[in-house]
Structures are given as structure tokens and as C-alpha cells.
Amino acid sequence: MQSLAMIDNWPVPAAAAAVVRADGTVSGSYGPASRRFPLASVTKPLAAYAVLVAYEEGAVELDEPAGPEGSTVRHLLAHTSGLAYDEHRVTAPPGTRRLYSNAGFEALGDHVTKATDIPFGEYLRQAVLEPLGMTSTTMGGSPARDGVSTVDDLVAFAAELQAPRLLDPRTVLEAMTVVHPGLAGILPGYGHQKSNDWGLGFEIRDSKSPHWTGGSSSPRTFGHFGQSGTFLWVDPDAGAACVALTDRDFGPWAVDAWPPFTDALLTELRAAG
């Protein structure tokens, strides 16, 4: 795909990107696809998928208590537990506000570790990374931000999100469905959003503006971006997903560069049919 070459114009030392169709076909890849990049918060979708595997295995239930009092696994996945951004401190009752929380994902990791008696990083490896052949991906610390991966590996994960093999498709559909619709919250890097919709570990685009995906991205688009200058989105209406990894922290450059890049990709995908 010619549009992928737009990453050459990004003001970053290194970048790699790829597009994968819903049938698992890689439409294009550009840049050092086997280079390992820190994922920052793109770690969260991987962690969430491992939690959902634990749910399907019966190790945890989505509505069982986890995190602060009154909170559940579902609340933690959807950033509605009430935990603060980076502190294990309660700032709101569960289910009342969308408070994006690294602490919440760390609480999830602890919860799964206790339920399975397997350290969460190892559980993630066994449940998600190894079955998908993601041999270059590791998570050595926080389930919220300490993943390291490659474009090649994340292409396998993006294909899994579109045609699940590790989870029942109904579970994946639930993960991409808004939990507590209409809650206000802050989208990191983009400010307050009157309706800050999330599913189970995945941000859902809906009608958010401004946003890190494209102006032509469908409302059903879901995914995540990271403060290390990384993103992964899946657009079900386009039947495709995109992964982009860089080695420059998220900032105004990404706000300016990412949406036109995504729009160009979607235009090219639609033209190809």
C-alpha cells in the first residue's frame, strides 16, 4: 500500500507500519517490521485479551469483585472502576465516570495472577502471545504500559481481533461494545470528551472529536494508542486493521500526522475493494 510510505514524513527517528485485512491477509508493510518498539499503552489491549481468555477458561468472571470496593473486572477493563490515572487511589464510585487508569490495569494483572497462580506476564505469554506466534513480544512489568513488540507480531494480534481463534467471537464482540455508554472522561492527549466510550480494554471511536484515528474512520473503529508514539486500530466497516510503531513519544506531531495517514489508508483500501 503506497499510503504506508507516509510514515517517512513523520518527524521520528524510526517508524514501522502495516495493514492487515479481516481475512488475515497483510495488505502492506513498511519500515522495520521486525524491530522491537516499546508499546506504552498499546500494552493494554494485549493485557485485556489475556483477561478475556481467563474469563473464558473460568478463572475469573467479568462481574466478580476486583480492584476497589464495589468494582468488578468489567469496571477495571472499561476504566470505570474509579481508580485514579496512575495511583491506587479511588476518586469516584465505580461505574460513574470514565477515569482512564493505569492503576486499574495493574489491579487487573494482580487479580488474574491471584486467580490463576501464574504471574500475569507469563499468563499473557501462554494465553495470547505463544498461540499467536508473537515470539518477539514481551511484557516484563506493568500490564498497563510495559509491553515491547514488533509490527510483525502485532499484525498477528490485529488479525486475531478481526477473526478470533483464541476467544469465542461473541466475547470479542462484547469487548468491542460500549460499557456504561455516555460517560464523560478525558482521552489522554485529546482532552475532555463528553461521551468517552470504551469497551473491555479497547477504546471505541464513536463520534469522538478530536481523535487519533481518521475523520473517515467508522464509529465502530476500536483500538488503542500509546504515549510511546504507537497505535493499533481495527475498523470493522473497512474490514482492516492498522498497526504503527515509532520511537518518538506521542505529542503534537502525532495529533497532526496520524489522522491523515489513517484517512489515506482507508481511501486506498476502499479503492482496492
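Helices here are DSSP runs of H or I with at least four residues, strands are DSSP runs of E with at least two, and both are numbered from the N terminus. By that rule, His75 sits in helix α2 (residues 73-77). Before going on, note that this is a predicted model, where local features need pLDDT of at least 70, side-chain atom pairs count only at pLDDT 80 or more, and totals for chains, interfaces and linings use all residues. Residues are numbered from 1 along each chain as its sequence is written, and side-chain values use heavy atoms, with hydrogens and water left out.

Back to His75. Is this residue buried or exposed? His75 is buried, with a relative accessible area of 13%; buried means under 20%, exposed means over 50%, and partly exposed is in between, using a 1.4 Å probe and protein chains only. Skipping residues up to four places away in sequence, His75 touches Gly70, Thr80, Ser81, Pro94, Gly95 and His180, where contact means heavy atoms within 4.5 Å.

Now for the greasy part. In soluble globular proteins, nonpolar side chains tend to be buried together. A nonpolar core is a set of buried Ala, Val, Leu, Ile, Met, Phe, Trp, Tyr and Cys residues joined through side-chain atoms within 4.5 Å. The largest one here has 61 residues, and Leu77, Val128, Phe157 and Leu161 touch the most other members. Helix α1 (residues 43-56) gives the most to this core, with nine residues. Val128 is in contact with Tyr49, Ala50, Val53, Tyr123, Phe157 and Leu166, if you leave aside neighbours within four places in sequence. Apart from this core lies another, of 28 residues, including Phe231, Ala238, Cys242 and Trp258.

Helix α1 also has a helical partner. α1 and helix α3 (residues 102-116) pack at about 35°, with their axes 11 Å apart; the axes are lines fitted to C-alpha atoms over the stretch in contact, and angles run from 0 to 180 degrees between N-to-C directions. On the α1 side, Lys44, Ala47, Ala48, Val51 and Ala54 meet Asn102, Phe105, Leu108 and Val112 of α3.

On to the sheets. Strands of a sheet pair through backbone hydrogen bonds, either parallel or antiparallel. Two strands count as paired if DSSP finds at least two bridges between them.

Five of its five residues are buried, so β9 is largely enclosed by the rest of the structure. Phe222, His224 and Gly226 point one way, Gly223 and Phe225 the other. Strand β8 (residues 203-204) runs antiparallel to β9 and is joined to it by two bridges, with Glu203 opposite Gly223. β9 also pairs with strand β10 (residues 230-235) in the antiparallel sense, over five bridges. There, Gly223 stands opposite Trp233, and His224 has Leu232 as its bridge partner. β9 and β10 form a hairpin with three residues between them, and Gly229 in the turn has a positive phi of about 80°.

Another open sheet has three strands in the order β3-β5-β4, again with antiparallel pairing. Its edges are β3 (37-40) and β4 (138-139), each with a single partner strand, so one side of each is left without a neighbour in the sheet. β4 and strand β5 (residues 147-149) are joined by two bridges, and Thr138 has Val148 in β5 as its bridge partner.
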